[in-house]
2 protein chains.
Amino acid sequence: MELDERKLKILQAIIKNYLETGEPVGSRTISKFTDLNLSSATIRNEMSDLEELGYIVQPHTSAGRIPSDKGYRLYVDTMMQSRMQEVEQMWDALNDKADKMESLLQQVAKLLAVNTNYATLVTGPQYRSRKVKFIQLTDVDETQLLAVIVLEGNIVKNKMLPLAAELSKEDILKLNIVLNTYLTGLDMSEINLSVIAKLKEQAGGLGNVISELLDAIAQAISEEEDIPIYTSGATNILKYPELSDHHVASDLLYELEEKKSLTGLLNENTEEHGIQVYIGQETSVASMKDCSVVTATYEIEEGIYGRIGIVGPKRMDYEKVVGTLQTLKTQLDDIFKKNKE
Amino acid sequence: MELDERKLKILQAIIKNYLETGEPVGSRTISKFTDLNLSSATIRNEMSDLEELGYIVQPHTSAGRIPSDKGYRLYVDTMMQSRMQEVEQMWDALNDKADKMESLLQQVAKLLAVNTNYATLVTGPQYRSRKVKFIQLTDVDETQLLAVIVLEGNIVKNKMLPLAAELSKEDILKLNIVLNTYLTGLDMSEINLSVIAKLKEQAGGLGNVISELLDAIAQAISEEEDIPIYTSGATNILKYPELSDHHVASDLLYELEEKKSLTGLLNENTEEHGIQVYIGQETSVASMKDCSVVTATYEIEEGIYGRIGIVGPKRMDYEKVVGTLQTLKTQLDDIFKKNKE
DNA sequence: GTTAGCACTCAACTCGATGGAGTGCTAATA
DNA sequence: TATTAGCACTCCATCGAGTTGAGTGCTAAC
């Protein structure tokens, strides 16, 4: 037995209806709801088949049917076409704030949350290996040295270093030159002992400062290793009865607050650059087995990606979500492209 | 009618018991629970008095009594003495991470949440008026200028400025000197039109760059205006039945996520530097009318304060919370004092 | 002033009845 | 052969009645 045209239509009707109402949907509803002109009895037979095929399930005998994960999957795969409308105000809101990566992404998360009414996640850019682009030392006052380290992708890091002894202007200038000469273009793995030895040799009497500096640089680079994840609208999940159950909600909210376990979720399939939909068990995060997760990948520059996504109930307006993510992704791409020009 | 010794003891017993069980407490319980050797009938009479005085209330007739806000207030004011034990592991955990203000404070929030099982808030330092301490311009590449702005309290801000036309090394040097000469030591309000005019005059042909720079500086200073608030353990509130009610929990979690409205709460009474306890309506945040908030003020340096606090149910182990906050406050004070040496 | 006793109140729980939505099956129909 | 009408059945949700138990307030006695 395979899915024919009619079964597909009925399945679609069931899911559509369930998405709207959140209640199990019965045969009579479908009979009236669709333009198939079939009696409820016929629908019942078909639904029985669909259940056997695993696309829908009954919460209990004598209840209507609700879609299974497999049903949702089919729905998402086949019946969904993107819609690229509304959400225009996002654009304006975004452009206002496009100064700082952090606040931008946080803003994106919030906008998405407000627009979709789901919980949202946004990751910052992931770099494969971050290279040092530029280093600048300055004496802020007699006791403190400020190291500004610019990494590939214009990530700027600051470190305050306490000074044992005051350094002269000339010393600082010299350090700046030496550091930039030897470290520019290198990433963590390339700054090895031989480079360090050469550095210290060139720095002459300032070797001890170099050591501290290298520590700071190493820290700055590795700091970024755990990519930041921004979340917003976590409380939205309380709006959906099937998720606001005590235990489920508590786990989910904790997960969203902690964020750590989300990295796994968001790192899956990074080679695929379209929209990804994870339904129920597909998410790999245990506490989300009653949720669906939809993510999109945006591109900052060649080879550097971040992700935006939402977490909501399986009963989710997939069409709208995918559309929204699609437009948002496009807009983010544009912003970064523009910023580079 | 005033509170005599016995009424106080009974009130104390009621509150203690209620804190433990979360259930309204009846006269028989108190009769057995305390060492007063009074029958339940007598207790009933006393409880009747206490209710009349407004220290306790009945959720409904024929239910036990629970403390009113006024009752909690008395309890907190009179019967609480700090206890400075446990929480030693906090110390270790903190010292590990004392490198970066942000992560330190986030860590503090988390530790506090784990230790108390309540939702926690921590604010970063608040400066009355932030002055420019130091400005450094550098050309990262041909098209971008990096402005590093150091504010009072060693807050470092970075701004990337796109360049219309390439600047020579000499121009940048000149700009650096001019900027530092005229802006160092000034705060937002002091950078007025006359200062700006003088700046542009000195900068000669670079007036247009100056304008952009000033925008960036203004942004850097004002950016910090809304003090960062770190929260943790928000989901803890779901552990308390009286708060996990749908509407209440949703509002609370939203408030904790948004953080904005919390500033008001945390800015009250900043002149008082001890532990503050807000019960129910006292908090000024509407959604917290069923909560208590306990805050402590820590000192980073002379005149610069931040706050740590927890949000939990009115039925809260006040003694423990106050103790924990007290020790944490002390430890934070120590860390910052040490860091300065 | 304290206590024992008793009537009263109220929330929480149990239990059964009822109704409605929905199914599965069978027999009739096109 | 596919569709439909009809019917018996199942199960959840809801409602109301009855019960229980904790707790109170009052009164009279100690």
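## Helix packing in chain A

In chain A, helix 1 (residues 5-21) packs against helix 3 of chain A at an angle of about 85°, and their axes are 10 Å apart. Helix 1 of chain A is therefore roughly perpendicular to helix 3 of chain A. The model discussed here, and in every section below, is a predicted one.

On the side of helix 1 of chain A, the contact is made by A:Arg6, A:Lys7, A:Ile10, A:Leu11 and A:Ile14. Helix 3 of chain A contributes A:Thr42, A:Ile43, A:Glu46, A:Met47, A:Asp49, A:Leu50 and A:Leu53. By class, the residues of this contact between helix 1 and helix 3 of chain A are seven nonpolar, one polar and four charged.

## Helix packing in chain B

In chain B, helix 1 (residues 5-21) and helix 3 of chain B pack at an angle of about 85°, with 10 Å between their axes. These two helices of chain B are therefore roughly perpendicular to each other. From helix 1 of chain B, the residues B:Arg6, B:Lys7, B:Ile10, B:Leu11 and B:Ile14 meet B:Thr42, B:Ile43, B:Glu46, B:Met47, B:Asp49, B:Leu50 and B:Leu53 of helix 3 of chain B. The contact of helix 1 with helix 3 in chain B comprises seven nonpolar residues, one polar residue and four charged residues.

B:Asp49 belongs to helix 3 of chain B, and its side chain makes a polar contact of 3.3 Å with the side chain of B:Lys7. Along the chain, B:Asp49 and B:Lys7 are 42 residues apart, while their C-alpha atoms are separated by 8.5 Å.

## Relation between the two copies

Chain B is superposed on chain A by a rotation of 180° with 0.3 Å of shift along its axis, and the RMSD is 0.7 Å. The two copies are thus related as by a two-fold rotation axis. Both copies use the same surface, for 95% of the contact residues of chain B recur in chain A.

## Surroundings of DNA strand C

DNA strand C is surrounded by 20 residues, the closest being A:Ser27, B:Arg6, B:Thr42, B:Thr61 and B:Ser62. Of the atoms of DNA strand C that come within 4 Å of the protein, 78% belong to sugar and phosphate. The residues of the surface near DNA strand C are four nonpolar, 12 polar and four charged.

At B:Arg44, a polar side-chain atom is 3.3 Å from a base oxygen of DNA strand C. Two or more residues of the surface near DNA strand C come from helix 3 (40-53) of chain A and likewise from helix 3 (40-53) of chain B. Helix 3 of chain B gives the largest share, with four residues.

## Surroundings of DNA strand D

Around DNA strand D there are 20 residues, and the closest are A:Arg6, A:Thr42, A:Thr61, A:Ser62 and B:Ser27. Sugar and phosphate make up 78% of the atoms of DNA strand D that come within 4 Å of the protein. The surface near DNA strand D has four nonpolar, 12 polar and four charged residues.

An N or O atom in the side chain of A:Arg6 lies 2.8 Å from a phosphate oxygen of DNA strand D. For A:Thr42, the distance from a side-chain N or O atom to a phosphate oxygen of DNA strand D is 2.5 Å. A polar side-chain atom of B:Arg44 is 3.1 Å from a base nitrogen of DNA strand D. Helix 3 of chain A and helix 3 of chain B each supply at least two residues of the surface near DNA strand D, and helix 3 of chain A gives the most, four residues.

## Backbone features in loops

Most residues other than glycine have a negative phi. A:Ser284, which is not a glycine, has a positive phi of about 75°. A:Ser284 is located in the loop between strand 8 (275-279) and strand 9 (291-301) of chain A.

In chain B, B:Lys259 has a positive phi of about 75° and is not a glycine. The loop that holds B:Lys259 runs between helix 10 (246-258) and helix 11 (260-267) of chain B.

How values were computed:
Residues numbered from 1 in each chain as written. Chains lettered and ligands numbered in written order. Predicted model: local features only at pLDDT ≥ 70, side-chain atom pairs only at ≥ 80, totals over all residues. Heavy atoms only, no water. Near = heavy atom within 4 Å. Polar contact = N/O pair within 3.5 Å; in protein donor to acceptor, adjacent residues only side chain to side chain. Nonpolar A, V, L, I, M, F, W, Y, C, P; charged D, E, K, R; others polar. Least-squares fit on C-alpha atoms with pLDDT ≥ 70 in both. Contact = heavy atoms within 4.5 Å. Axes fitted to C-alpha atoms, helices over the stretch in contact; angles between N-to-C directions. Parallel < 35°, antiparallel > 145°, perpendicular 65-115°, else oblique.
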